[in-house]
Every structure is written in C-alpha cells, then in structure tokens.
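Here are my notes on this one, written as I paged through it. Have the viewer open while you read.

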Amino acid sequence: MSDTDTRDPTSLRTPIVAVLGHVDHGKTSLLDKIRGSAVIEGEAGAITQHIGATAVPLDVISEIAGELVDPDDFDLPGLLFIDTPGHHSFTTLRSRGGALADIAILVVDVNDGFQPQTLEALDILKRSQTPFIVAANKIDTVPGWNPNEDSPINATYDAQSDRVRQTLDTSLYEIIGNLSDEGLSADLYWRVQNFQRNIGVVPVSAMTGEGVPDLLAVMMGLSQRYMKEEMEIDVAGPGVGTVLEVKEEKGFGTTIDTVLYDGTIRADDELVVGGMNEPIVTDVRAILQPRPLAEIRTENRFEKVDSVSAAAGVKVAAPDLADAMAGAPVRVVRNRDRQEVIGEVEAELADIAVDTADNGVVVKADTLGSLEAMADALEEAEVPIVRAEVGDIAPRDISVASTADEHKERTILGFNVDVLSDAEQRAEIDDVRLFTDDVIYQVIDEYETFVEEMERAQQ
Ligand code: GDP
C-alpha cells in the first residue's frame with residue numbers, strides 16, 4: 001500500500017494457502033482430499049475452482065472439520081489453496097507485503113522424513129517469514145494403524161496400540177528434531193499453545209482423510225488469530241496481484257494466470273504488469289475463469305466474466321503480454337494515476353532485482369521469486385552472476401555465456417526451467433555447460449563439483 005493510500009478496508013479476503021514439500025510426499029493427494037471432502041460435504045458448487053487455485057468457504061470447512069471449527073468464531077471467509085504443487089517454486093512468489101502465500105502447509109512423508117526439497121521449501125518459508133504448519137502425511141502406512149476417520153487425530157493417535165504409537169512417534173519426533181535443527185520450535189499440534197511461536201505438526205493421511213479436519217481447523221485458527229488484519233482489503237478498489245504463469249491460450253493469445261490478493265479486476269480495466277525489460281501497460285481483453293467441470297468442452301475451457309474480486313485466481317487475456325514474467329506484479333490502473341502505478345511496479349521489480357557482475361554465470365529460473373532464491377544461494381556460495389532472467393534456457397542465453405573466457409563462467413544454471421532444443425545444440429557447439437534441476441542446492445552442488453574438477457585439471 002502506498003503512503004498516499006487513504007482507502008478504507010472494507011472487506012476481509014480469503015487467506016492464500018500454499019502446499020509444499022518434497023516430490024511424492026503427498027501434496028497433490030492432500031489437495032485432492034481437501035477438494036474431494038469439500039465437494040462431498042458442501043452443497044453443489046460450494047467450492048469454487050479458480051485458475052491455479054481452489055477456494056474452500058468457511059461453511060464447507062466447518063462441515064468437514066465438524067466440532068473443530070465453529071463458523072461463529074470466524075469472520076474470514078475460508079481458505080484459497082494455490083493448487084499447482086508440481087510447480088514448487090510458486091512458494092517463492094511475492095506479493096506487495098512479502099510472500100504471496102499468507103500461510104503454508106509443509107507436507108512430509110512420515111516414512112521418508114526430511115528430504116532436499118523439504119529443506120529447500122523450509123528455507124523459502126523462513127526467508128519469506130511465511131507462517132506454516134507441517135502435515136506429517138501417510139500415517140495410514142504405519143504398520144498396525146487402526147484408522148478412525150470420525151475422530152480428531154489426537155484421539156485416534158491416543159487410541160493406537162503402544163507399538164503403533166511408538167513407530168509413529170519415531171517419525172514425528174524426527175520431523176520435530178529436523179525443524180529444531182533449523183532453529184524452529186515445533187510440537188504435535190494439540191500441544192501447541194501459540195501457533196505463531198511454535199509450529200504445529202499435524203499427523204494426516206491424504207488417503208483416508210484422517211487429520212484433514214484438524215489441519216483445516218489449525219489453519220483457520222492461525223489465520224483468524226494472527227493474520228486477520230492482513231486480510232483487510234478494499235474489495236471494490238483497483239486489483240493487485242501476482243503473475244503465476246504466462247501461457248499461450250488458443251483463441252486468446254498470451255495470457256497471464258494471476259493470483260489477485262487485493263481489490264477487483266474488471267473486463268474494461270487498464271493494467272500494468274511487470275515485464276522482462278520494463279512494465280507493460282495494456283488493456284484487459286478478457287477475464288477468464290475455468291468452466292465448471294461438468295461443462296468443460298476441450299475447445300472452450302474458460303468462460304469470460306465481467307469482474308473478479310480478491311482473493312482469487314484468474315486468467316487475464318490482454319495484448320503485449322509476451323514479456324510478462326511469472327512472479328511479477330499485476331496492478332489495475334482504473335481511477336489511479338497511471339504513472340504512479342507504473343512507478344509502483346518498477347519499485348517492486350527493483351526490490352527483487354538481482355545484483356550482477358561483469359563476469360559470472362548466467363542464471364535462469366521459472367519465476368522472479370525463484371530467481372531471487374537462486375541468486376541468494378549463489379551469493380552465499382560466492383558465485384558471481386553476469387545475467388539473471390526468468391524463462392527457459394534459450395539460444396540467446398548460450399550466446400551470453402559463450403562470451404566468457406573461463407570455463408567456470410561459460411555456464412548456465414537453471415532452476416525449474418527447460419532447455420529449449422536449439423539451445424541444447426548451441427551449448428554443445430559453443431562449449432557452454434548447462435546445470436539444471438528443480439532443487440537449488442542440487443544445481444549449485446553440480447556446478448561446484450564441475451568447477452573443482454576444472455581447477456584440478458588445470459593444476
Ligand atoms: P506429490 O508429488 O507431493 O504431489 O505427491 P502425490 O500426492 O502425487 O503422492 C505420491 C504418492 O503417494 C502417490 O502414489 C499417492 O497415492 C501416495 N500417497 C499420498 N498420500 C498418501 C497417504 O496419505 N497414504 C498413502 N498410503 N499413500 C499416499
């Protein structure tokens with residue numbers, strides 16, 4: 001919010017929830033379970049499918065959570081789950097105030113414990129100061145587990161045999177120990193008094209649904225108690241959001257999938273969007289929402305709407321979006337001064353800008369936020385960067401890297417990006433090395449191993 005902003009907060013928006021964790025630990029299953037339970041428990045159409053997100057309203061949460069959530073205790077309207085868990089760097093997406101996600105669920109498989117992506121997710125959560133809870137998933141796989149889908153998970157836990165509880169405890173306390181190694185204090189959620197100070201660990205099964213009511217109750221409680229003020233928005237004001245993805249869409253050209261966290265976006269609005277080189281000023285051509293599942297025909301997956309209010313996920317079609325960046329800000333101009341809005345977008349982009357040197361490696365990442373996380377990690381490793389950009393590795397990146405004299409700088413480090421096929425060929429011809437992975441530390445490790453080998457070879 002700018003200093004000149006004197007608007008009245010008129011409404012409370014839905015807290016935005018991100019689900020993250022190591023691959024195969026159950027992020028997708030957990031989201032599916034929450035969505036599935038919401039569909040079963042709620043009236044038809046009670047959950048709303050957004051672009052890149054699912055909104056679960058308070059009454060549905062309270063249906064699922066039973067006595068754990070009394071709707072009279074809450075005035076937040078529900079929870080908006082960002083549901084692109086494969087795309088784990090979305091957790092690095094920013095909003096004006098910090099992280100785009102207001103709250104996060106870190107999913108950890110009880111059989112597998114902390115893994116590289118768990119640690120990386122944790123690092124991102126710590127850096128962005130995002131409150132989170134841990135879903136200790138797959139408790140149904142504990143040998144001898146006696147399921148009870150109708151009782152709060154602490155009661156089910158207490159009702160297990162000593163042997164089962166001991167097995168589960170070993171996993172749960174290992175997770176709590178891992179969090180403690182990272183300087184975080186955590187406990188089983190029913191023992192936590194202050195969720196702002198201590199991280200609650202909720203045993204769950206995305207398979208049976210056990211623990212899901214507890215997970216929702218803890219998240220609602222955490223949001224209502226500690227984050228309510230941050231949810232105050234001017235719902236009719238000009239929309240403010242973050243680009244989730246830039247996509248070509250048949251019939252609409254380049255579109256931006258956007259998470260709107262304040263105000264409203266209308267079909268006749270003028271927009272300022274963060275671009276590769278400069279802010280893009282454009283006019284909305286269409287605001288699109290997914291059609292209800294039953295109505296989807298392949299050639300027509302979206303329906304045009306007149307306006308959408310925060311918090312929501314929407315697809316926006318507009319001219320000149322080719323240079324829009326995932327992770328960049330989106331702002332509606334409407335009755336504001338256009339230059340001022342452009343200035344705000346510039347300031348936000350400058351805030352995320354990466355320091356570059358005359359010589360160094362080329363860095364590519366899938367979003368601005370992940371680029372920043374990558375740059376931070378490289379700074380720690382004392383690796384200078386000559387250029388950092390959002391997007392897949394393209395031939396022109398090879399051109400940049402190939403101008404370097406030293407082997408260690410004829411390199412491109414990519415996080416969560418693809419290598420375009422013509423770039424792969426160019427890299428071979430120009431003797432440029434590519435290092436790509438979806439775990440930051442993996443990319444840097446591989447790069448450092450390469451540099452050590454090069455140095456050893458030269459001696
Ligand atoms: P993601 O990569 O984190 O999104 O993980 P998925 O949701 O795709 O889950 C990975 C695998 O674990 C799939 O085969 C799921 O069926 C399985 N899985 C996820 N949650 C549970 C659970 O609570 N219990 C059991 N038994 N299997 C689970």
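**Rings first, then the cores**

1. Start at W190, which is partly exposed, with a relative accessible area of 25%. Keep in mind that this is a predicted model.

2. How many aromatic pairs does the structure hold? There are four. In one of them, Y157 and W190 have ring centres 5.1 Å apart and planes at 55°.

3. As for where the two partners sit, Y157 belongs to helix 4 (residues 153-158), while W190 is in the loop between strand 10 (186-188) and strand 11 (199-203). The pair therefore ties together parts that are 33 residues apart in sequence. Y157 is buried, at a relative accessible area of 5%.

4. W190 also pairs with Y189: here the centres are 5.4 Å apart and the planes stand at 85°, so this pair is edge-to-face. Y189 is buried, with a relative accessible area of 11%. Through these ring pairs, Y157, Y189 and W190 form a cluster.

5. On to the largest nonpolar core, which has 70 residues. Those touching the most other members are L30, F81, I105, F132, L179 and M219. Helix 6 (residues 212-226) supplies the largest share, nine residues.

6. Beyond its neighbours within four places in sequence, L30 contacts I105, V107, A135, V204, A206, V212 and L215. Another core lies apart from the largest one; this other core has 31 residues, including M325, I342, V383 and L413.

Notes: Residues numbered from 1 in each chain as written. Predicted model: local features only at pLDDT ≥ 70, side-chain atom pairs only at ≥ 80, totals over all residues. Heavy atoms only, no water. Core = buried A, V, L, I, M, F, W, Y, C linked by side-chain atoms within 4.5 Å. Buried < 20%, exposed > 50% of the residue type's maximum accessible area, 1.4 Å probe, protein only. Helix = DSSP H or I, 4+ residues; strand = E, 2+ residues; numbered from the N terminus. Contact = heavy atoms within 4.5 Å. Phe/Tyr/Trp six-rings, centres within 6.5 Å; stacked < 30°, edge-to-face > 60°.
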